[in-house]
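The structure is shown first, and the entries follow.

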Amino acid sequence: MEPDTSPPAHRVAIVTGAARGIGAATVAALAAGGWCVVATDRCADDPALPYPLGTRAELARVAKAAQAAGGEVVTAEADVRDPRALAAAAAEAERRWGGLDAAIAVAGVIAGGVPAWQVPAEQEQAVLDTNLSGVLNLARVAVPALLRRPVPRRGRFIAVASAAATRGLPMLAAYCAAKAGVAGFIRALAAELGGTGVTANAVSPGSTATPILDESARLYSLPAAADFASQQPHGRLLRPGEVAAVLAFLAGDGASGMTGATIPVDGGLAL
């Protein structure tokens, strides 16, 4: 008997940082496209950071809204700095739906507001561990699951970088370093995955209306996040759904010819 090479009945994804912002919008976009999603978030504040992070209630609302729209979404509390928690979330996707087809690393934090050498060490470490190590940790547990799908595979590993990956933003040095590391990691991972049917790509958002941008405004002593809009040729902030739409595209079959790319979704900020 020939092996069954038909695609799985449901595409399955795990999304980190899903309680709000780009992560929440990505869950909604995937669910609307018929994906089954494990939506994960830390669901707790970080004592090293001076602003509130996503909550359990916010994550539950994201799942409830996606389910009301006809999507299949379950939630999992997982700090991306904890590989065991991420492994449990990936295992839940495989147990519940038979496999994993996409892993999307959205979770991120920001800190700074002073020159690099003055940033408290614990804040710097939180930025590096969440924004960069969190992506590596997700790859460590998710890529083996993506590779467990039978050939021909259509697996996707996708991360959120930032325009900060290529711009020197004063008083955000650790954030810039972490996001540049994400872009570099994606290129290397794509090379390692060559020929497997699993691709690796990233998106690089500009100023997007999220809680991280609100905190950025505070760090720069700006009255509101809307003040960042003038930096972008678009003349406005991006909406989380605009970034999520590109993430959802990269997760789909239309992006089968793309790997190792970091796609700007930045309203022209990189021009």
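**Entry 1: H1 and H7.** I looked up the packing of H1 and helix H7 (residues 240–251), and found an angle of about 50° with the axes 8 Å apart. Axes here are lines fitted to C-alpha atoms, for helices over the stretch in contact, and angles run from 0 to 180 degrees between N-to-C directions. Helices (H or I, at least four residues) and strands (E, at least two) are DSSP runs, numbered from the N terminus. H1 and H7 are therefore oblique to each other; angles under 35 degrees count as roughly parallel, over 145 as roughly antiparallel, 65 to 115 as roughly perpendicular and the rest as oblique. I noted the crossing of H1 and H7 as right-handed, a term used if the near helix is turned clockwise from the far one, whereas a left-handed crossing has the near helix turned anticlockwise by less than a right angle.

On the H1 side I listed Gly 21, Ile 22, Ala 25, Thr 26, Ala 29 and Leu 30, which meet Pro 240, Gly 241, Val 243, Ala 244, Leu 247, Ala 248 and Ala 251 in H7. Contact means heavy atoms within 4.5 Å. This contact of H1 with H7 holds 10 nonpolar, 3 polar and no charged residues. In this scheme Ala, Val, Leu, Ile, Met, Phe, Trp, Tyr, Cys and Pro count as nonpolar, Asp, Glu, Lys and Arg as charged, and the others, Gly among them, as polar.

**Entry 2: basis of the values.** I recorded that this is a predicted model, in which local features need pLDDT of at least 70, side-chain atom pairs count only at pLDDT 80 or more, and totals for chains, interfaces and linings use all residues. Residues are numbered from 1 along each chain as its sequence is written, and side-chain values use heavy atoms, with hydrogens and water left out.

**Entry 3: H4 and its partners.** I next looked up helix H4 (residues 121–147) against H5, whose axes come within 8 Å and cross at roughly 15°. H4 and H5 are therefore roughly parallel to each other, and their crossing is right-handed. Among the residues making the contact are Leu 128, Leu 132 and Val 135 of H4 and Ala 178, Val 182 and Phe 185 of H5. By class, I found 13 nonpolar, 2 polar and 2 charged residues in the contact of H4 with H5.

For helix H3 (residues 83–97) and H4, the axes come within 9 Å and cross at roughly 35°. H3 passes H4 in a right-handed crossing. The contact is made by Pro 83, Leu 86, Ala 87, Ala 90 and Glu 94 of H3 and Gly 134, Asn 137, Leu 138, Val 141 and Ala 145 of H4.

**Entry 4: backbone.** Most residues other than glycine have a negative phi, and most peptide bonds are trans. I found a cis peptide bond from Val 151 to Pro 152, with omega near 0°; Pro 152 is in the loop between H4 and strand E5 (156–160). Cys 43 has a positive phi of about 60° although it is not a glycine, and I placed Cys 43 in the loop between E2 and helix H2 (56–68).
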